[in-house]
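Here are a few friendly notes to read alongside the model. Have the viewer open and follow the points in order.

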Amino acid sequence: MNPIIPLLDMKAPYLELQAELDACCRRVMESGWYILGQEVEQFEADFAAFCGVKHCIGVANGLDALRLILHALDIGAGDEVIVPANTYIATWLAVSQTGARPMPVEPVEVTCNMDPQRIEAAITPRTRAILPVHLYGQPAEMAPILAIAARHGLKVIEDAAQAHGAVYQNLKAGALGDAAGFSFYPGKNLGAFGDAGAVMTNDDALAERLRRLRNYGSTVKYHNEEKGFNSRLDPLQAAFLAVKLRRLDEWNRRRETIAQFYLRELAGCPALILPMAAAAARPCWHQFVIRHPHRDALQAILTRQGIGTLIHYPIPPHLSPAYRELGFTTGDFPLTEALAGSVLSIPMGPHLSLAESQRVVDCLWQASKELAA
């Protein structure tokens, strides 16, 4: 029996970088400094330089990154924020946790990202911001989104949780809007060994307020200027991330090689719809997401063949019980619902071998032919 090919090999990054990671672990543990401090500041400087922005503010996780941005912009009860209908629920949660209302917009079918042509119809006098997501590592079509925001006096907040190193019009994700939230969840292209996140911005005043908000509303111990939060990037995770950041471009190139192999070798596969990036966008291929009209049957066949898969995401936020109070029902966002019923993520990662990629391709062809028969 063939060995299982996981959706993502979670141990491989540690094994590749074991000596460096172990050394930085010892360094942090021996330092006696375990909240904020030099390790966090160094990673913040490194990641800001990588993304091409002035400020990086390390926080506890990706959801907090978005929530703190919205709070720092004084977005709250009575306000509305335009979000993708097709996204992970965390995008919506960040909005609703401030007291504001998420206003969903359908995606462009070929990219699965927010459709700029549908945004203006969702704008009301209460709209304060647009929150596009670079889903699966595919940059959203930011040029028209930014133009719409400028016309209506709205802020643009990037949900870049899956877009570490993705590029749009020669700018990195995180440098495209007024601010951006990143997640360093372990499975991300740049993943910690636990929860972690960061906010990126070129706005000096916003950065200063975010540094207060993440630390109880304080920049000087026991002097609390406002009601803040406890959401700080851990120094140990910052040290780990700094090591992995030095490999991120290389690891993203490996992902690109696998993606191009899939796109080439799966072209023409019966009933299979392959991912497509927007013009001027260079994905970082966080996930390689295919679509199939018989997705569940396809997944079952691949599972029997030892091919790891996952559905990102089976329940759209508007149909989640968590948002029943908004009153949405099946059929309100038909394209989003169609995507939820047909998308399937297949193995992708910098440690996936060519032989493993070939086996994934062979199994997909076999399964697609079987389902087409």
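How much space lies in the largest pocket?

1. The answer is about 670 Å³. Tyr88, Gln162, Tyr185, Lys188 and Tyr313 are the closest to its centre among the 29 lining residues. A pocket here is an open set of points on a 1 Å grid over the protein atoms alone, where a 1.4 Å probe fits and protein lies on both sides within 12 Å along at least five of seven lines; lining residues have an atom within 4 Å of a point. A volume is the space filled by probe spheres set on the points, which are joined across faces, edges and corners.

2. A word on the source: this is a predicted model, in which local features need pLDDT of at least 70 and side-chain atom pairs count only at pLDDT 80 or more, while totals for chains, interfaces and linings use all residues. Residues are numbered from 1 along each chain as its sequence is written, and side-chain values use heavy atoms, with hydrogens and water left out.

3. Back to the largest pocket. Helix H4 (62–72), helix H5 (89–96) and strand S8 (179–183) each give its lining at least two residues, and H4 has the largest share, with three. Helices (H or I, at least four residues) and strands (E, at least two) are DSSP runs numbered from the N terminus. By class, this lining has 14 nonpolar, eleven polar and four charged residues. Ala, Val, Leu, Ile, Met, Phe, Trp, Tyr, Cys and Pro count as nonpolar, Asp, Glu, Lys and Arg as charged, and the others, Gly among them, as polar.

4. The second largest pocket has a volume of about 290 Å³. Ile35, Leu36, Asn215, Lys221 and Arg232 lie nearest its centre, out of 13 lining residues. Strand S10 (residues 218–220) supplies the largest share, three residues.

5. Please look at His318, in the loop between helix H11 (295–304) and helix H12 (334–340). Is His318 buried or exposed? His318 counts as buried because its relative accessibility is 1%, and buried means under 20% relative accessible area (1.4 Å probe, protein chains only). The His318 side chain makes a polar contact with that of Glu337 at 2.8 Å (N or O atoms within 3.5 Å, one able to donate a hydrogen and the other to accept it; residues adjacent in sequence count only if both atoms are side-chain atoms).

6. Finally, strands S13 (residues 288–291) and S14 run antiparallel, joined by four bridges. Val289 has Ser345 as its bridge partner in S14. Strands pair if DSSP finds at least two bridges between them.

Technical notes: Buried < 20%, exposed > 50% of the residue type's maximum accessible area, 1.4 Å probe, protein only.
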